[in-house]
Number of protein chains: 2
Amino acid sequence: MLDRDRCLALDADDPLREFRDEFVLPEDVVYLVGNSLGALPRRTAERVRRAVEDEWGRELVGGWNAAGWYTQPLTLGDRLAPLIGAGPGQVVVGNSTSIAIYQAVAAALRLRPERRVIVSDVRNFPTDHYMVQGLAGLLGGYEVRDVAEGRFDDAAVVLLAEVDYRTGARHDVPSVTERVQAAGALMVWDLCHSVGAMEVDVSGADFAVGCTYKYLSGGPGAPAFLYVNPRHQAAAENVLSGWHGHAEPFTFEAGYRPAEGVRRFAVGTPHVLSLAALDAALDVWERVPMDLVRAKSMALTSLFVELVGDALELASPPEAAARGSQVSYYHPDGYPVMRALIERGVHGDFRAPDILRFGFAPLYIGYADVHDAAATLLEVLEKELWRDERHARRLAVT
Amino acid sequence: MLDRDRCLALDADDPLREFRDEFVLPEDVVYLVGNSLGALPRRTAERVRRAVEDEWGRELVGGWNAAGWYTQPLTLGDRLAPLIGAGPGQVVVGNSTSIAIYQAVAAALRLRPERRVIVSDVRNFPTDHYMVQGLAGLLGGYEVRDVAEGRFDDAAVVLLAEVDYRTGARHDVPSVTERVQAAGALMVWDLCHSVGAMEVDVSGADFAVGCTYKYLSGGPGAPAFLYVNPRHQAAAENVLSGWHGHAEPFTFEAGYRPAEGVRRFAVGTPHVLSLAALDAALDVWERVPMDLVRAKSMALTSLFVELVGDALELASPPEAAARGSQVSYYHPDGYPVMRALIERGVHGDFRAPDILRFGFAPLYIGYADVHDAAATLLEVLEKELWRDERHARRLAVT
C-alpha cells in the first residue's frame, strides 16, 4: 500500500500538476465534491468582472454584438464539443440540464411518432426521470419504462446517464447506443457525471445533454449543453421554440421558423453572466489532455478503493475502467459519517438513503489528497466519531 | 415648450434623483434602451464578485445552504412580488421568459382540459407567440387564435403583454383580465415591458411572467419570473417538472411529487451568478416608490412627444396614461436614422420593419436627457444625417 511520501512523489511527477494552480481551493480542505460543484477556476473572477463592468456596464445593450453575447450559446458550444467527441455546430449551451432533457426527449418522440414508449432509468439522477414523466403526462398515451426491463424494440427513445450519479458505474456508450439504435429507438445520453472526468464520445448517439458545473467548473447553476447529431439537425424539432432558435430572431416575425443547425435548440435570452463563467472555465479545458485526465482519474479512484479496503462496502464497480471519477460506499449512517468527515476537512457528500460519495476531479485533486482523505475516513469509522450528537441527521442540501 | 434650463430645474427637483447615482452610465450617452437592457446598478459588481469569490470560491458546494443559493428562486421571487402586486409565496424566479410562458400556458391548458383554443397576440413580442406555437404543435388539436378576433368564450387561456414591445401601448390589466375570466378562460400576462416602469397589479390574473433585465436592471439574460395565483397553486401542474420543483428534491425519489406552493414551478438548478446580479438590483428596487416612477415616466414620455412634435409619425398612444415608459415612431428608414442618432450619443433602438424605440427608465433618465435626445433626433431628421453611407442597413441585434 502507498504511503504518503510515495503519494507526494506521484504528485510531483503528475503531468497534470500545472492545472492545480488554475483553481482556487480553501486551505486544509480535501475537496472531493467536484462531481457536484467544481472548484472555482482562478481566472473566472476576472472574466465575470469583465462581463459585468466592461461589457454590460460600458457596452450596455450593445454588448449583444460587441461582446458576442448573442453568439455565445454557439461559440461556447463549439468550444465544449471536443470534450464530448462532437464537432463544431453540434452543441448549443444554455438553460439547465432538466430543460435540455425535455428538449432532447421531445425531439426524439417527434422523430419516432409511431412509437409510444420512453425508456428511462429509475437510477438516473431524478430530474431526468421527472422531466420524462412531465412530458409523458402532458402528451398522454406514452409508457415510461424502466431500462431494467431491457426491451427497446417498441421504444421511441432511451435516456441513460453515462455515469451513474450514485454509484459512479459507467455505461459503455458505443455498445449501448448501438443496441438501442438497432432496435429502432433513438439514444439520448446524459453526460453530467462524465464530461470533464474522462474522454467522452457521443458522436454515434442521437442527442446528448449535460451540465457544466461539475467537473467542468462552470460555476453554480452554470448553463447546460445539448448535442444534436448532424443527421437529425434538419428534421429535429425544438418544442421549446423560443426566439433565439428562430431562423431570423431580429425580423420579429409572428410565425416560428426554426434556424438551420443546432441553433434551433436555443430557447430564450441566454444568461450572459453565467455564460461568462463557463467561458473562463473553457479557457482551462481547451489545454487539458483528456487521456491524461482519465488515466489519473482511474489511478486516484483505485488508490482510494485500495486504501479504504474493507472498512466500507463499495457501491461503485471495483474495476476502475467501469467507473467514472467517483467512488461511493454504502453506510446505513452515511449522513453522520459524512458530517464527521467534513468537520475534519474531507469534503464528500451524501446521497439518500445510504450512499457516501467521493468525487476526484483530476485537475486539482492529487495522490496525497487521496491518502489524507482515506486516512481520515478510516479514523472516523474506526473510532466511530460519527456517533457524535452534532452529526445528527438533517436534510442534506448539496 | 420646455427649454434646457427648465429641464435642468426639473431634474434638480426630481424626488427620484438620488437613484441616478445607483447606476453606472457612460459619459456623453443618453441611454434610452433601458426597456431592452437596463443599465448596470453600481452595487452589482461587488455582489457578483461576492457570489464568485466568497460564495463559490470559499463555500464551494456548501454555498447551496450557506449562501442561500437553494432558496434564492423563492426569496428573490418574494422580493420582486410587490413590484407586480403579488404577495409572498406567489412568484418564483429562474429560467427565461420563454420558458416561463411555456410553463404558464401549459399549466392553464391543464386547468381547462375541455377547451382547445389558445388566444395570443401576433403583436406580442415574438417569443411569446413562438412558445405557444411550439406547445400547440406538440400537443396537437389546439387552435392558436389571434386576440384581434375578440372571441374568448371557447378559449382555455389568453396570453397578452401588458405593454406592447413595439408601440408601448398599454392594456388595462384589470378590465381585460375580468373580460377574459368572465368568458371562462385563464389570463396570463407578460409583464416584460411594464415591470419596473409603472405600478403593476396582476393579483387578479391567473398567471404572469416577465423578465428582469429591462427596467429592473437584473443584467443581460437575467432570470425571468413566474407568478401563480394562490387559487391555482394546489392544482396547477408544472409540465417542466424538474427536480427543484419536487416536494423533497434531496430524497432523490424516482417519482415526481410536486412541491406545495409556487416552488413547484422551479425546474432545474438555478443560475446562481445571474441570480446574484438580480439580488443586487432588487436592493435598489425595494426602496423605489413606484407611484413616483409612474408619474415621472409619464412626464418624460410626454415631454419627448411634445419636443419631437410632428417631425415623426408617432407609433405610441398619444396619451401618457395609455403608454408604458417608451415612445415609438414610424420611419421607413428607421435603421439608418437610429444609427445616426447612436453615433451622436443618443441610444435608442430599432425594431423591424420600421419602428424607432426610445425607452425612458425613470430611475436614471432625466428631463435634460429627454431634451438632448429630442434635439439630436430633430437635427438628424432635419439635416437628413441618416443618409450617410455609414448608416447603411444591416442586421440590428439589440
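## How the two chains meet

In this predicted model, the two copies meet through the same surface, because 100% of the interface residues of chain A are also interface residues in chain B. Chain A is superposed on chain B by a rotation of 180° with 0.0 Å of shift along its axis, and the RMSD is 0.0 Å. This is the relation of a two-fold axis.

## The seven-stranded sheet of chain B

Chain B contains an open sheet of seven strands with mixed pairing, in the order β4-β10-β9-β8-β7-β5-β6. At the edges stand β4 (91-94) and β6 (143-146) of chain B; each has a single partner strand, so one side of each is left without a neighbour in the sheet. From one strand to the next, the twist averages 20°. Strand β4(B) runs antiparallel to β10 (residues 224-228) of chain B, and four bridges join them. Within this pairing, B:Val91 has B:Tyr227 as its bridge partner in β10(B).

Two helices of chain B pack on the sheet. Helix α4 (residues 72-80) touches β4 and β10 of chain B, and its direction makes about 120° with that of β4(B). Helix α5 (residues 97-111) touches β5 (117-120), β7 (157-161), β8 (186-190), β9 (207-210) and β10 of chain B, and its direction makes about 170° with that of β9(B).

## The four-stranded sheet of chain A

An open sheet of chain A has four strands in the order β11-β12-β15-β14, with antiparallel pairing. Its edge strands, β11 and β14 (349-351) of chain A, each pair on one side only. Helix α10(A) packs on this sheet and touches β11, β12 and β15 of chain A; its direction makes about 25° with that of β12(A). Helix α11 (residues 334-343) of chain A also packs on the sheet, touching β14 and β15 of chain A, and its direction makes about 35° with that of β15(A).

Strand β12 (residues 326-330) of chain A is largely enclosed by the rest of the structure, because four of its five residues are buried. Two bridges join β12(A) to the antiparallel strand β11 (residues 313-314) of chain A, where A:Glu313 has A:Tyr330 as its bridge partner in β12(A). Five bridges join β12(A) to β15 (residues 355-359) of chain A, which also runs antiparallel to it. In this second pairing, A:Tyr329 has A:Leu356 as its bridge partner, and A:Gln326 stands opposite A:Gly359.

## Nonpolar cores

The largest nonpolar core has 227 residues, and those with the most contacts inside it are A:Ile84, A:Phe304, B:Ile84 and B:Phe304. Leaving aside residues up to four places away in sequence, A:Phe304 touches A:Val327, A:Tyr329, A:Phe358, A:Phe360, A:Val370, A:Ala373, A:Ala374 and A:Leu377.

## Aromatic pairs

Over all chains, the structure has 34 aromatic pairs. One of these is a tilted pair formed by A:Phe304 and A:Phe360, with 5.1 Å centre to centre and 55° between the planes. This pair links distant parts of the chain, 56 residues apart: A:Phe304 is in helix α10 (residues 290-308) of chain A, while A:Phe360 is in the loop between β15 and α12 (367-382) of chain A. Both A:Phe304 and A:Phe360 are buried.

Ring pairs also link A:Tyr70, A:Trp243, A:Phe250, A:Phe252, B:Phe125 and B:Tyr165 into a cluster.

Note on methods. Residues numbered from 1 in each chain as written. Chains lettered and ligands numbered in written order. Predicted model: local features only at pLDDT ≥ 70, side-chain atom pairs only at ≥ 80, totals over all residues. Heavy atoms only, no water. Least-squares fit on C-alpha atoms with pLDDT ≥ 70 in both. Contact = heavy atoms within 4.5 Å. Pairing = 2+ DSSP bridges. Axes fitted to C-alpha atoms, helices over the stretch in contact; angles between N-to-C directions. Core = buried A, V, L, I, M, F, W, Y, C linked by side-chain atoms within 4.5 Å. Buried < 20%, exposed > 50% of the residue type's maximum accessible area, 1.4 Å probe, protein only. Phe/Tyr/Trp six-rings, centres within 6.5 Å; stacked < 30°, edge-to-face > 60°.
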